[in-house]
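Here's a quick briefing on the fold you're about to look at.

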Amino acid sequence: MTPVFSVASSFFLIFFLFRLAVFPLAIAAPPPRGYYINCGAATEENIDGIPWIPDEGFVIGGNVSQIYTPGIIPLLSTLRYFPDTKARKSCFVIQVSKGSKYMVRTTYFYGGFDGGEEPPVFDQIIDGTRWSTVETSKNYAAGLTSYYEIMVAAQRKTISVCLARNANTASASSPFISALEVVSLENSMYNSTNFAEYALSTIARHSFGHKNSFISYPDDPFNRYWQSFIDTNPVVECHSNISSSDFWNFPPPAALMKGLTTSRGKDLHINWPPFDIPDTSYYIALYFQDNRTPSPFSWRVFDVVINGKTFYQDLNVSTEGVMVYGSQWPLSGETNIKLTPASDSPVGPVINAGEIFQIVPLGGRTLARDVIAMENIARSFTNPPPDWKGDPCLPKENSWAGVTCDINGGFAIVAKLNLTNFGISGHLSNSIGNLLAIRNIWLSGNKLAGKIPQMGNLKELTSLRLADNELTGSIPSFLANLPKIKEIFLQKNKLSGPIPQSLKNKSGIDLRISPGNQLEM
């Protein structure tokens, strides 16, 4: 795809996905908009001006551990871990504005909380998409924390961030997390990607010419982390600031205050990012600013070539700065950027900063009707399974305990619910009648009380097992009108009143109503 040139007065849309990076044990203040969750903390704490809040209310289950590593910063001094080996995932759920954009950042510092020497390996999931594998051993051995970032659009009124075991998670290990940030973003950044279908995984974000520095909030109002990058090319310092709002991606002026350059008439070669990357498609944004004092002569023209392929021709860079981007750019392995000056360019090329994101397909969505119904059912249980948070169906391997889903028309839908002998108490929400594709409802062997809710719309229901609970009231007549019903188990409850005649007369059904109950035969 042809890269696009950007200066002022254009708009972009921002979403962020995953990618491991590292930073020393120090964290800059985040922006004022969003949630800053200190996992495992008991009270709110202001850390470097940041109001970090406890994770209570955002997550169900898990245990808290203190970290006693000498010199550790307060934010990393606690974590939450999830030892339940039966839980398919453990989720934080954050209230957001549907349709808005957010940067999600997860931070990990192991600290030997479980008495081991190596951090566990596990997956992280955002909504219904498997985001990445969390593998922090190398960084932890070097005394570094690890962070992952993901830019997403809120498809609903919540965003869920989940941790899940995978094949590489040792049986004695537990997924853990130190901090979680959900940062509100403007609707004018990274907008060439269809974020209804894709997300952007951060591969690298660097300010060129900087050495051992780290730019974030307050320089970057979105608290993006700009790491330093320097090579053997000469470094120049800029004599004027850009206006961040003139750029689609809002780069902070501090990230462009230095740059890499070369002599007049020479090509500038940069190997960036400073590591090999997988063979796939990427979003690339490059930022340029002429470093000289603003004047009519402060400009330079050059071509931008990436891995031998023209990225942008005759780029005119002034002191006001400029950005070019490519939204679907194939890359693999080492990446070489070559800047070739025009023959009449008064000075050599310059480059100041860059961002690169892997384009990641979203893993699908569960039908909103079923999500709402399942969330209401979860709220009606006093003690729902600990993994009943996040997307009920997706990813498929991490659906809620006892929930089986099908794919229909591009959406996941709930097909079976089996919580037999789970010890669930509470009542059964009327919302179960909105699971229009469900075939089996098996809730026997629990402590559910109240009346049997309305389920007359469940045209696909073949099996209803509610035996051995504490249900009261009468047997509803709608059960006889379910067209595909084959079995109804209601024994060992506290039901009373007459058995509907239509149910007595229905053929081809296994109806079990005794022992237990006080029914009029």
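Strands pair if DSSP finds at least two bridges between them; strands themselves are DSSP runs of E with at least two residues, helices are runs of H or I with at least four, and both are numbered from the N terminus.

Some ground rules: residues are numbered from 1 along each chain as its sequence is written, and side-chain values use heavy atoms, with hydrogens and water left out. Since the model is predicted, local features need pLDDT of at least 70 and side-chain atom pairs count only at pLDDT 80 or more, while totals for chains, interfaces and linings use all residues.

**The chain overall**

- The protein chain holds three helices and 40 strands.
- Its C-alpha trace spans about 100 × 50 × 35 Å along the principal axes.
- Of the 521 residues in the chain, 56% count as buried, where buried means under 20% relative accessible area, exposed over 50% and partly exposed in between (1.4 Å probe, protein chains only).

**More on strand pairing**

- As background, strands of a sheet pair through backbone hydrogen bonds, either parallel or antiparallel.
- Aspartate 123 has alanine 164 in β13 as its bridge partner.
- Elsewhere, β3 and β15 pair in the antiparallel sense over five bridges, with tyrosine 36 standing opposite glutamate 181 in β15.
- β3 also runs parallel to β5 (residues 50-54), joined to that strand by two bridges; here isoleucine 37 stands opposite isoleucine 53.

**Salt bridges**

- Side chains of opposite charge can pair when their charged atoms come close.
- The count is 16 salt bridges, taking a salt bridge as a side-chain nitrogen of Lys or Arg within 4 Å of a carboxyl oxygen of Asp or Glu.
- Arginine 33 and glutamate 186 form one of them, at 3.4 Å from N to O. Arginine 33 lies in the loop between β2 (20-23) and β3 (34-38) and glutamate 186 in the loop between β15 (179-185) and β16 (198-208), so this pair ties together parts that are 153 residues apart in sequence.
- Arginine 33 is partly exposed at 37% relative accessible area, and glutamate 186 is partly exposed too, at 34%.
- Aspartate 123, the residue bridged to alanine 164, also forms a salt bridge with arginine 130, with the closest N and O atoms 3.0 Å apart. Aspartate 123 is buried at 7% relative accessible area, whereas arginine 130 is partly exposed at 32%.
- Arginine 205 and glutamate 355 meet in a salt bridge at 2.8 Å, N to O. Arginine 205 sits in strand β16 and glutamate 355 in strand β28 (residues 353-361), so the pair ties together parts 150 residues apart in sequence.
- Both partners count as buried: arginine 205 has 3% relative accessibility and glutamate 355 has 0%.
- Arg105, Glu149, Glu181, Arg205 and Glu355 are linked in a network of salt bridges. Glu181 in that network is the β15 residue standing opposite tyrosine 36.

**A buried phenylalanine**

- Phenylalanine 109 is in the loop between β9 (101-108) and β10, and is buried at 3% relative accessible area.
- Its C-alpha atom is separated by 9.1 Å from that of alanine 179, which is 70 residues apart along the chain.

**Cavities**

- How many cavities of 30 Å³ or more are there? The count is two.
- A cavity is a set of points on a 1 Å grid over the protein atoms alone where a 1.4 Å probe fits but cannot get out, and lining residues have an atom within 4 Å of a point. Grid points are joined across faces, edges and corners, and a volume is the space filled by probe spheres set on the points.
- The largest cavity holds about 60 Å³ of space.
- Its lining is made up of Phe82, Asp84, Ala87, Lys89, Ser90, Leu163, Ala164, Arg165 and Pro175.
- Those lining residues divide into five nonpolar, one polar and three charged, with Ala, Val, Leu, Ile, Met, Phe, Trp, Tyr, Cys and Pro counted as nonpolar, Asp, Glu, Lys and Arg as charged, and the others, Gly among them, as polar.

Conventions: On a 1 Å grid over the protein atoms alone, a cavity is a set of points where a 1.4 Å probe fits but cannot get out, and a pocket is an open set with protein on both sides within 12 Å along at least five of seven lines; lining residues have an atom within 4 Å of a point.
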